[in-house]
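Welcome! Please take a look at the sequence and the 3D structure below, and then we can walk through some of the details together.

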Amino acid sequence: MRVLIQDYSNPDSTEAMYLCQSFNSVGVESTLWNSDRISAYDVFDAFRPDVFIAHFSKVTNDILKYLCQDKSIRVIFNMSGAQQHHVDQLDGIIRELGLNCPFVFTNTT
């Protein structure tokens with residue numbers, strides 16, 4: 001299994017980094033993607049992930065276009081900080097585009 005994790009780290013959370021390190025520690029090949037430096041198409045084509053993890057607020061049109069073209073990639077969204085309208089909007093996008101999204105999660109209690 002290959003897991004691509006969008007680097008959604010910020011001064012308050014390094015979650016993306018520790019997810020990547022955790023996967024690699026247990027033998028799951030994963031990489032952290034800095035979307036400011038490498039385009040979505042380039043990283044998806046080069047890494048060929050089975051799973052893609054991203055924060056809902058960092059999802060771009062290019063990411064969605066790629067995921068529409070390759071429905072075998074399972075996508076998991078971190079919804080931390082989302083308001084109900086964000087959840088509804090993303091749910092609509094997932095349904096409309098037919099994304100392979102087995103679940104979403106939040107890191108808030």
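Let us begin with Leu4, which touches Thr31, Trp33, Val43, Phe44, Phe47, Pro49, Val51, Phe52 and Ile53, leaving aside residues up to four places away in sequence; contact here means heavy atoms within 4.5 Å. Keep in mind that this is a predicted model, where local features need pLDDT of at least 70, side-chain atom pairs count only at pLDDT 80 or more, and totals for chains, interfaces and linings use all residues. Residues are numbered from 1 along each chain as its sequence is written, and side-chain values use heavy atoms, with hydrogens and water left out.

**The nonpolar cores**
- A nonpolar core is a set of buried Ala, Val, Leu, Ile, Met, Phe, Trp, Tyr and Cys residues joined through side-chain atoms within 4.5 Å.
- Buried means under 20% relative accessible area, exposed over 50%, and partly exposed in between (1.4 Å probe, protein chains only).
- The largest core has 21 residues, and Leu4, Trp33, Phe44, Phe52, Leu67, Val75 and Phe77 have the most contacts inside it.
- At least two residues of this core come from each of α2 (40-47), β3 (51-55), α3 (61-69), β4 (74-78) and α4.
- Those labels follow DSSP runs, numbered from the N terminus: helices are H or I with at least four residues, and strands are E with at least two.
- There is also a second, separate core of 9 residues, which includes Val3, Ala16, Ile53 and Ile76.

**Leu64 in its helix**
- You will find Leu64 in helix α3, where Leu64 is buried with a relative accessible area of 13%.
- Not counting residues up to four places away in sequence, Leu64 touches Val59, Ile93, Leu97 and Leu99.
- Leu64 and Ala40 are 24 residues apart along the chain, and their C-alpha atoms are separated by 9.4 Å.

**Helix α4 and two positive phi angles**
- Helix α4 (residues 84-97) has 14 residues and reaches 20 Å from its first C-alpha to its last, close to the 20 Å expected (1.5 Å times one less than its number of residues).
- Gly98 follows α4 and has a positive phi, near 65 degrees.
- Arg48 has a positive phi of about 55 degrees although it is not a glycine, and Arg48 lies in the loop between α2 and β3.

**The cysteines**
- How many disulfides are there? The count comes to 0, taking a disulfide as a pair of cysteine sulfur atoms within 2.5 Å.
- Cys20 is buried, with a relative accessible area of 9%, and its sulfur is too far for a bond because the closest cysteine sulfur, in Cys101, is 20 Å away.
- Cys101 is in no disulfide either, and the nearest cysteine sulfur, that of Cys68, is 13 Å away.
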